[in-house]
Amino acid sequence: MAADGSIVTLEPSIGRRGVASLRRFTRRRSTIAFLMTTPLLLVIGGLVVYPAGYAIYLSTLNRRMTSNIGLGNFEILLDTDTFWMVIWQSCIFAVSAVLAKAMIGFWLAHKLHDIPSKGQRKWRGMLLIPWVIPPALSTLGWWWMFDPSYSSINYLLNVFAVPAVPWLGEAWWARLSVIIVNVWYGAPFFMIMYLAALKSVPEQLYEAAAIDGATGMQRLRYVTLPMMRNIISITVLFSLIVTFANYDIVRVLTNGGPRDLTHVFATYAFQVGILSGNVPRGAAVSLFMFPLLAIFAFFVLRGVTKRTKEEQ
Amino acid sequence: MASNGITRRAALGAGVAGVAASALPLVNIHAQGTAGTLRCGFWDHWVPAGNGIMRELCGEWGEKNHVNVQVDFITSVGNQNLLTIAAQAQARSGHDLLAFPAWEPSAHADLLEPVDDVVNRLIEKYGPINTAAEYLAKREGHWRGIPTVSGSQQKVPCARFDLMQEHAGLDIRKMWPATDVRGPGADDWNWATFLTAAQKCHAAGVPFGLPMGAFTDAVDWVGALFASYNAKFIDEAGKVTVKTDPGVRAGLEYMVELSKVLPDDVWAWDDASNNRALISGRSALIFNPPSAWAVARRDSPEVAEKCWYMPMPAGPAGARVPYLPYFWGIWSFSRNKTAAKGLLEFLSERGSAERQTTTSSGYDIPPFASMSDFPIWKTEGPPVGVVYNYPIKPHHHATQSVAFAPAPAEIAVQAYNQAINTKLVAHVAKGGETIDQALDWAARELRNFARG
């Protein structure tokens with residue numbers, strides 16, 4: 001009650017204050033930022049975090065998916081000869097394919113960079129073709145060329161009296177075949193990334209190096225490579241992750257054969273999880289490289305960030 | 001803003017009313033005298049007409065029983081059917097009934113409606129279902145799927161009778177004529193005779209085209225060979241016996257010998273490679289359903305007219321036929337189980353089965369021995385009677401087999417899909433290991449399948 005005896009109603013002023021504070025809250029920059037990023041957070045949560053979390057959960061279940069066995073599936077896998085072979089092959093496949101793609105891409109980028117810009121576009125377009133064709137389709141074309149009985153490559157070899165090569169029937173030839181197809185498919189990606197990086201290197205640096213009497217190799221070592229270091233790191237990291245997760249090339253070309261000697265994580269996970277009806281163990285196979293790749297990615301990205309800060 | 005006389009609320013209201021009004025007739029149509037909708041996912045048949053007959057049969061039954069039958073055909077190319085089954089099992093939603101490949105009924109037994117009532121009525125009418133199908137579909141005493149007609153196949157020898165006569169000295173049409181008799185030489189049709197014939201044909205430049213990779217054609221025929229040696233990789237209780245079982249060792253020794261006279265590239269063959277070997281005239285014999293002959297008839301008629309199907313060679317334990325059936329199963333979460341059972345019973349009856357088999361040129365094998373007399377197997381050609389001996393007849397003295405039976409299905413499926421039997425042979429024949437080393441490897445792999 002007020003001093004004059006009238007009753008003061010507090011509610012409207014409280015309501016006004018509430019509306020005002022809500023208005024202030026919604027006008028805060030952090031709130032707006034949060035609201036605007038909510039769709040992205042929902043997408044990441046729904047399409048990345050949930051599937052990844054569910055895959056981890058699946059990998060802890062028993063074969064019938066009725067009870068939790070913790071890391072039991074990983075323990076069983078590490079006790080399996082075939083899985084050790086898969087680890088070994090995945091590493092051979094990913095490391096050699098990425099190295100080859102990086103070197104071929106680097107060489108192609110330099111060759112393209114040297115072409116006058118007028119004629120460069122058509123070459124760039126042609127060299128990108130392997131990368132834009134869906135890999136399942138292009139791999140089928142390669143499979144016809146490697147076909148065990150009717151290989152067109154072997155036909156050409158026979159014309160020159162070279163004995164036929166068992167492209168998909170012998171272990172090392174089969175491994176080489178899947179690496180060749182992966183390099184053919186992935187090298188254009190490296191090429192285009194390196195070409196973009198090359199174009200961003202200031203011409204003055206080369207001119208200064210030329211005045212100092214630097215040779216071609218010295219220009220490459222002291223100008224080009226340092227200026228491309230970040231893009232090389234990111235490209236190699238990205239390609240390594242994608243190559244480790246490769247599925248279609250091995251699936252179409254060899255189906256993991258002969259004697260499981262070309263299986264990689266993804267094809268083996270499909271065979272164990274879907275074809276053999278052991279979904280939890282398949283999930284464990286597919287998650288096996290996750291910690292190693294995550295650590296590798298962490299260090300690479302940290303290095304990139306550090307160098308970027310130094311440059312600034 | 002100028003008003004046009006219609007408020008937003010009024011416009012929304014009118015829209016909702018319109019949608020409701022337009023949907024009303026649909027609801028009414030379904031509610032009047034229909035038994036609802038039945039969503040079926042059948043296997044997308046290799047033989048194009050195979051889908052047509054399924055659609056026709058479903059339409060006939062649906063019309064008679066006032067059920068709206070929706071039919072989808074799901075391909076096995078790229079394992080799309082397996083992915084569909086896995087997705088629907090996880091989501092507990094999808095079709096009412098599906099065609100399940102051989103190992104799937106046991107893998108999803110907990111989610112499949114028992115169909116004992118339907119199967120028992122069919123058995124009463126047509127006699128017993130073969131034991132291989134029973135092994136795959138029966139879990140804890142209950143049938144979880146009905147062996148299909150459409151898509152179920154056997155992989156028996158399809159040989160070039162001219163080449164077998166010329167190079168191996170075997171007149172296979174006399175041995176296994178298109179009648180219910182065993183001809184001269186039929187009693188000697190065993191794996192030893194087969195090896196001799198394989199060696200002679202290899203020497204003549206037309207080797208037997210027998211795949212040895214990780215695809216089903218390879219696993220199935222090698223599985224049947226081991227079964228005919230009474231080999232058990234794992235016993236009924238799930239105990240790994242591969243190292244101690246005499247049948248496995250005997251079968252393996254035989255396979256190593258046989259693999260010496262197969263083409264060098266069979267280790268990388270897929271399910272189409274053997275067909276190509278036959279159709280191109282490079283091979284004297286393959287193991288396959290009549291699809292190989294049917295494609296030859298289209299693409300290479302001069303080869304097709306010299307083909308002849310015959311029973312599998314016998315081993316010490318008799319003749320075993322590689323059998324790869326499909327099963328029709330009803331999800332436990334189906335909303336129309338009664339209608340699903342009714343349709344499946346109709347599709348399994350003799351009249352429907354004969355129409356399916358006839359349309360597929362004899363490819364589809366019914367699960368009942370009493371249905372091995374459909375006229376199509378006698379009349380199909382050229383040469384007329386080419387597929388007479390494709391289904392098992394009583395005079396063949398043969399039984400169907402599934403690789404890795406009688407192991408518990410959840411272990412056997414892993415061994416099957418990871419082709420442990422062909423890899424076992426490859427470890428010795430191509431990997432340079434001794435038989436004992438290879439058996440050690442197989443035992444370790446199989447033990448891990450049973451864990452977890």
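Predicted model: local features only at pLDDT ≥ 70, side-chain atom pairs only at ≥ 80, totals over all residues.
Chain B falls into two domains, domain 1 (35-152 + 325-371) and domain 2 (154-323 + 390-450).

**Domains of chain B**

- Taken over C-alpha atoms, the centres of domain 1 and domain 2 of chain B are separated by 28 Å, and the contact between these domains brings together 16 residues of domain 1 and 19 residues of domain 2.
- On the side of domain 1 of chain B that touches domain 2 of chain B, helix 4 (104-107) and helix 6 (131-137) of chain B each supply at least two residues, and helix 6 of chain B gives the most, with four residues.
- Sorted by class, that side of domain 1 of chain B holds eleven nonpolar and five polar residues, with no charged residues.

**Domains of chain A**

**Contact between the chains**

- Between the two chains, 29 residues of chain A are in contact with 32 residues of chain B.
- Helix 3 (72-78), helix 4 (81-114) and helix 12 (265-275) of chain A each contribute at least two residues to the side of chain A that touches chain B, and the residues of that side divide into eight nonpolar, 15 polar and six charged.

**Strand 13 of chain B and its partners**

- Strand 13 of chain B (residues 327-330) is covered on both faces, with F327(B) and G329(B) buried on one side and W328(B) and I330(B) buried on the other.
- Strand 3 of chain B (residues 97-100) runs antiparallel to strand 13 of chain B and is joined to it by four bridges, with L98(B) standing opposite G329(B).
- Strand 6 of chain B (residues 146-147) is also antiparallel to strand 13 of chain B, through two bridges, and here P147(B) has F327(B) as its bridge partner.

**A three-stranded sheet in chain B**

- Three strands of chain B form an open sheet in the order 9-8-10, with antiparallel pairing.
- Strand 9 (285-288) and strand 10 (307-309) of chain B stand at the edges and each have a single partner strand, so one side of each has no neighbour in the sheet; from one strand to the next, the twist averages 30°.
- Strand 8 of chain B (residues 156-160) is joined to strand 9 of chain B by four bridges, the two strands running antiparallel, and C158(B) stands opposite I286(B) in strand 9 of chain B.
- Helix 7 of chain B (residues 161-168) packs on this sheet, where it touches strand 8 and strand 10 of chain B, and its direction makes about 75° with that of strand 8 of chain B.

**The largest nonpolar core**

- The largest nonpolar core has 199 residues, of which L253(A), F265(A), F233(B) and A415(B) touch the most other members.
- Helix 8 of chain A (residues 171-199) provides the largest share of this core, 13 residues.
- Not counting residues up to four places away in sequence, F233(B) touches T241(B), V242(B), V248(B), F404(B), A407(B), A415(B), I420(B) and L446(B).

**Two individual residues**

- Y390(B) lies in the loop between helix 17 (376-379) and strand 14 (398-401) of chain B, and it counts as buried because it has 27 C-beta neighbours inside 10 Å.
- Leaving aside neighbours within four places in sequence, Y390(B) is in contact with Q154(B), V156(B), P290(B), Y309(B), G362(B) and W377(B).
- R307(A) has its place in helix 14 of chain A (residues 290-311) and is partly exposed, with 14 other C-beta atoms within 10 Å.
- R307(A) and N230(A) are 77 residues apart in sequence and 7.8 Å apart in space, C-alpha to C-alpha, and, not counting residues up to four places away in sequence, R307(A) touches R229(A) and N230(A).

Notes
Residues numbered from 1 in each chain as written. Chains lettered and ligands numbered in written order. Buried ≥ 20, exposed ≤ 12 C-beta atoms within 10 Å, placed from the backbone. Pairing = 2+ DSSP bridges. Contact = placed C-beta atoms within 7 Å. Nonpolar A, V, L, I, M, F, W, Y, C, P; charged D, E, K, R; others polar. Domains from an automatic or database assignment. Axes fitted to C-alpha atoms, helices over the stretch in contact; angles between N-to-C directions. Core = buried A, V, L, I, M, F, W, Y, C linked by C-beta atoms within 7 Å.
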